[in-house]
Amino acid sequence: MYRVVAENISTERDASAFYGHSMELSSGLSRDTAASTSPTLGQLLKRVGDVGEEATGGDETPVHDQVLVDVGEPRSIPFVLSFNNLTYSVKVRRKIALPAVMRGQRRRSPTEVDSLDGESFSTKTKTLLNDISGETRDGEILAVLGASGSGKSTLIDALANRIVKESLKGTVTLNGEVLESRMQKVISAYVMQDDLLFPMLTVEETLMFAAEFRLPRTLSKSKKKMRVQALIDQLGLRNAAKTVIGDEGHRGVSGGERRRVSIGIDIIHDPIILFLDEPTSGLDSTSAFMVVKVLRRIAQTGSIVIMSIHQPSYRIMGLLDRLIFLSRGHTVYSSSPTNLPLFFSDFGHPIPENEDRTEFALDLIRGLEGSPGGTKSLVEFNKSWQNMKKHTSNAEPVDRQGLSLKEAISASISRGKLVSGTANNNASPSSMVPTFANPFWKEIAVLSKRSITNSRRMPELFGIRLGAVLVTGFILATMFWKLDNSPKGAQERLGFFAFAMSTTYYTCADALPVFLQERYIFMRETAYNAYRRSSYCLSNVLVALPGLIFLSFAFSATTFWAVGLDGGFAGFLFYFLIIFASFWAGSSFVTFLSGVVPHVMLGYTIVVAVLAYFLLLSGFFINRDRIPSYWIWFHYMSLVKYPYEAVLQNEFQDPTKCFVRGVQIFDDTPLGAVSTAVKEKLLENMSNTLGVTITNSTCLTTGSDILQQQAVTDLSKWNCLWVTVAWGFFFRILFYFSLLLGSKNKRR
């Protein structure tokens, strides 16, 4: 049996001993059978790259000379991805053309078809993809080209199942069978255009965490490390392995290295299909070539690689197997790069000898787009040219060895692909591999470790928050130093508690950017089932709790004894618990907002406004029984109400503690300025009138009286504590549902 292979790829190299033996996930095939097949990415991670560099000197495009090689067995299990008649439209608002309105032109009905923008108040339908068809197979790179707005990214999204089924017309099949959404998530990976990575993790750590997420728990730690090391070599990242990714404030890897890391985290489990949205965007020519060279190696291990690219260089074109040129959602060319000269020659626009083929094609397409007829002539010519090519082609269809999709995936798994799952005998292809590679608790452990590692390398973030809490506590402690038990002291205690409780919530606002910065990393990872959303929520809680406990203790210790609060050690312990509960509820509230608000500044505005409303209706400025009935519902929703009432009860619960004695009853009244003798005479007269003896030592107001005056009678202090804690859990649950509903990452 003969087949065509690239001359610079050696098919007779020894397979990696590690992936040839240790990483086989199915023992259904004998050693002889496994040895006769071509190694996958896991087996040839390093070999393919070394062979390519030997053949090209390390930086040149491989020469795709075709030779006939006699092989006994097919190179790999064949996979063919076909897409037929893909059409996708969206509704957009028409712009209002004021000059047309002022001229009194007839207003068009919503049902009228109009190609001009802005001539009606109604919406119109804009077609982003129009009857797109094509196919690609394992071992190949399919590149989608076109100008900005041509539909490149939309086509990639359509093939990657990132458009809701109701909106996309047409079919996408793998080996003739329609791909289910759950199955496609497991066997494919999607690399976004932006490099979404944790800035303070090294390249090696980033890939290792990806391995922990995507590779099964049954695989030992040492084997996962070997997998990562092999992938680092294959991606050409050995020199940058110990370098942090970096961001605007921290120096890290280069743009090309960052892009290769982004690719690496999505191919760690060796997917069958790899989608990439403009992987060379923003890179220089050499870096872009290195990225595509890596993709070439990935394809040669038996994967299907589909990517969009804006304008590839001559060297990159030598690495591509199939091209699709798009123009405003239409296919204007679909074939191999070698057929470009023949195609445009037949169209009547031959490519000059010394001109770059891609540049010529794109320039011609842009020129036609600006002409009155647009690219309609080229679209029609492409259809007729494709039909003619089908009639004249004698190529035989790919031999799939009579395997169904389930059997092909199962055989592919047994040869090292899709190391996140194990083949079984279930009837459904989607049940052959698990939805998630690891159990619930393992995901929580890995997510927590990653978050702690990233945060530990930016101690200034927690340091600033701790500093803010300590400075606030110090100011409050010195402002309310050793309050006495006079009427003024009681009133000042109320002010201290109101400000202290509200401060704990305001200092939680710094949690807002945390998820906003991680949002797109989270969406990328959960889109292809790296971990469960519930695991992310719980790990977020576990990572946040130690910091909240430390902040609570720091604030409590700074203020409790300095202000002279009551209750001794038991009182301090409850004070610490209610401060911690306040931090917990505030952090949960802000975390929930970060899940529903897309921008930091908008989030801060909402946090500040809502917390101000909570404080206003907490019962400090106006007692509960004085709040208008139409606002009383907000009083019970106030997060400040419950900790405020809890600390009041903790302070004023002692019935023997007196805050107003004898003549102190005249303080804060016009009579407070008169002499003590006059006050005593007034007390004597009051005693005679009331028939009760009132002297300077008589207690007139206890802590219980103050609680009655403040209308703090609904709940006990412990119930207030539990309600505050419950608010925190409530907002964490809302955060989970916001992730569940808001991270589908699909176009409508």
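These legends go with several close-up views of a predicted model. Local features need pLDDT of at least 70 and side-chain atom pairs count only at pLDDT 80 or more, while totals for chains, interfaces and linings use all residues. Residues are numbered from 1 along each chain as its sequence is written, and side-chain values use heavy atoms, with hydrogens and water left out.

**View 1. The whole chain, before zooming in.** There are 27 helices and 14 strands here, taken as DSSP runs numbered from the N terminus (helices: H or I, at least four residues; strands: E, at least two). Of the chain's 748 residues, 52% are buried, where buried means under 20% relative accessible area, exposed over 50%, and partly exposed in between (1.4 Å probe, protein chains only).

**View 2. Isoleucine 273 and the largest nonpolar core.** A nonpolar core is a set of buried Ala, Val, Leu, Ile, Met, Phe, Trp, Tyr and Cys residues joined through side-chain atoms within 4.5 Å. The largest one has 117 residues, and those touching the most other members are Leu86, Leu174, Ile273, Phe496 and Phe589. Now look around Ile273: setting aside residues up to four places away in sequence, its contacts include Leu81, Leu174, Leu179 and Ile304 (contact means heavy atoms within 4.5 Å). Elsewhere, a second, separate core of 64 residues includes Val332 and Trp385.

**View 3. Glutamine 649, a buried polar side chain.** Gln649 sits in helix H24 (residues 641–652) and is buried, at 12% relative accessible area. Its side chain reaches the backbone oxygen of Leu715 at 2.7 Å. Beyond neighbours within four places in sequence, Gln649 also contacts Leu707, Val712, Ser716, Lys717 and Cys720, among others. Cys720 itself is buried at 0% relative accessibility.

**View 4. The disulfide between cysteine 658 and cysteine 699.** The count comes to one disulfide, using a cut-off of cysteine sulfur atoms within 2.5 Å. Cys658 and Cys699 are joined with an S to S distance of 2.2 Å, and the link is right-handed, with 110° about the S-S bond. Cys658 is in strand E13 (residues 658–661) and Cys699 in strand E14 (residues 699–702), so the pair ties together parts 41 residues apart in sequence. Cys658 is buried at 8% relative accessibility, whereas Cys699 is partly exposed at 32%.

Definitions and conventions
Polar contact = N/O pair within 3.5 Å; in protein donor to acceptor, adjacent residues only side chain to side chain.
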